[in-house]
Amino acid sequence: MVHQQRSEGRLSQSGDTEDMVMSLAPRLAYFAGVARTEHVTRAAQEMQVPQSTLSRAMVRLEQDLGVDLFARHGRTLSLTPAGRTFLASVERALAEVGRAAEEVRADADPATGKVAFGFLHTMGAETVPGLLHAFRADHPRIRFALVQNYGEAMLERLRAGDLDLCLTSPVPDAPDLVARRLDEQKLRLVVPADHRLAGRRRIRLAEAADEAFVTLEPGYGLRRITDDLCGRAGFRPRVAFEGEEAETLRGLVAAGLGVALLPPPAVPRPGVVELTVTSPRAAREIGVAWLAGRPDTPPVAAFKKFLLSRRGALLPH
């Protein structure tokens with residue numbers, strides 16, 4: 001069957017799809033209501049809108065589409081084949097909108113909402129589980145979507161709207177972000193257990209100038225800190241291996257493949273010795289960051305307040 005076409009006021013088929021969607025969207029729920037009742041008066045009563053408003057909306061919808069959606073029979077209506085085809089898609093679209101509305105309302109619920117929280121790999125074994133345990137003592141039903149990554153990747157996801165908050169290092173300084181320093185973590189020079197320096201407790205970093213280093217890949221915050229500390233000690237590190245995770249680097253050190261500047265491990269690792277660096281001062285700042293100007297849902301606001309209350313006590317000392 002060939003659908004009857006209309007020409008008056010019709011949207012151009014070559015027009016922009018977004019313009020068409022914006023034009024049609026406000027009338028889709030009206031169309032679904034009229035299609036369900038097949039009666040403009042009853043549909044207007046159910047949706048609590050003036051009948052004249054509903055009638056005009058249906059006429060305009062047909063004009064915009066250029067297709068008859070209804071066959072008129074006095075005060076009653078019936079869907080044309082084109083109307084039935086259109087209704088199936090409209091009902092799916094409206095159902096999806098309904099599900100999306102329920103999801104965002106659920107995520108924003110003060111008691112049971114969701115926080116998308118990012119953090120460094122080195123904080124995943126001990127620090128973050130401890131934080132979540134303490135927070136949920138007062139907010140037992142708030143849900144978390146947890147993301148572990150290196151600093152720059154988390155900031156990208158923060159800007160994209162995938163994360164609400166992230167713990168990162170170094171603390172970012174960017175006009176589109178808000179960041180607060182929470183704590184400081186000392187870094188140690190990790191050497192193999194049979195290394196010439198393994199009998200020491202303290203070391204000046206310059207004493208490791210001739211060593212091969214294992215480091216994180218470029219772009220990681222800890223890599224930038226390592227390069228900076230070595231530069232301040234008067235040398236450029238000779239990098240033998242690059243990795244993506246601190247404990248992997250510790251394993252490489254244990255295998256005798258180099259030395260590394262790393263934060264303390266959650267659990268002592270056999271095969272390595274961790275030396276205090278006396279010069280230059282070896283530490284990294286840990287901070288929390290979020291997107292400037294973005295309104296917080298109640299769960300995000302509660303967790304942000306909790307993190308800021310841990311300033312100076314975020315890490316074990």
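Where is Ile286 found? Ile286 sits in strand E13. Strands (E, at least two residues) and helices (H or I, at least four) are DSSP runs, numbered from the N terminus. The model is predicted: local features need pLDDT of at least 70, side-chain atom pairs count only at pLDDT 80 or more, and totals for chains, interfaces and linings use all residues. Residues are numbered from 1 along each chain as its sequence is written, and side-chain values use heavy atoms, with hydrogens and water left out.

Buried means under 20% relative accessible area, exposed means over 50%, and partly exposed lies in between (1.4 Å probe, protein chains only). Contact means heavy atoms within 4.5 Å. Setting aside neighbours within four places in sequence, Ile286 is in contact with a list of residues including Leu120, Met123, Thr168, Arg181, Leu182 and Leu315. Ile286 and Arg180 lie 106 residues apart in sequence, yet 8.7 Å apart in space, C-alpha to C-alpha.

Strand E13 belongs to an open sheet of five strands, in the order E4-E3-E5-E13-E6, with mixed pairing. Two strands pair if DSSP finds at least two bridges between them. Strand E4 (143–148) and strand E6 (177–186) stand at the edges; each has a single partner strand, so one side of each lacks a neighbour in the sheet. On average, neighbouring strands of this sheet are turned by 20 degrees against each other, direction ignored. Axes are lines fitted to C-alpha atoms, for helices over the stretch in contact, and angles run from 0 to 180 degrees between N-to-C directions.

Now look inside the sheet. Strand E3 (residues 114–119) and strand E5 (residues 165–168) run parallel, joined by two bridges. Gly118 has Cys166 in E5 as its bridge partner. Cys166 counts as buried, because its relative accessibility is 0%. Cys230 also has 0% relative accessibility, so it counts as buried. The structure holds zero disulfides, a disulfide being a pair of cysteine sulfur atoms within 2.5 Å.

What lies across the sheet strands E3, E4, E5, E6 and E13? Helix H10 (residues 298–309) does, running at about 40 degrees to E3. Not counting residues up to four places away in sequence, Phe303 touches Val115, Phe117, Leu132, Phe135, Phe144 and Leu165. The largest nonpolar core has 34 residues, and Phe117, Leu167 and Phe303 have the most contacts inside it. A nonpolar core is a set of buried Ala, Val, Leu, Ile, Met, Phe, Trp, Tyr and Cys residues joined through side-chain atoms within 4.5 Å. E3, helix H6 (127–135), E4, helix H7 (151–159), E5, E6, E13 and H10 each supply at least two residues of this core. Another core, of 30 residues, lies apart from it; Leu187, Leu222, Leu275 and Val277 are among its members.

Strand E7 (residues 188–192) comes next. Four of its five residues are buried, so E7 is largely enclosed by the rest of the structure. E7 runs antiparallel to strand E11 (residues 260–262), with three bridges between them. Leu189 has Leu261 in E11 as its bridge partner. Five bridges join E7 to strand E12 (residues 272–279), also antiparallel. There, Arg188 stands opposite Thr276 in E12.

Glu211 is in the loop between strand E8 (202–204) and strand E9 (212–216). Is Glu211 buried or exposed? Glu211 counts as buried, because its relative accessibility is 13%. Its side chain makes a polar contact of 2.9 Å with that of His195, and another of 2.9 Å with that of Arg196. A polar contact is a pair of N or O atoms within 3.5 Å; within protein, one must be able to donate a hydrogen and the other to accept it, and residues adjacent in sequence count only if both atoms are side-chain atoms.

Two cis peptide bonds deserve a look. One joins Ser169 and Pro170, with omega about -5 degrees; Pro170 is in the loop between E5 and E6. The bond from Ser279 to Pro280 is cis too, with omega near -10 degrees, and Pro280 lies in the loop between E12 and E13.
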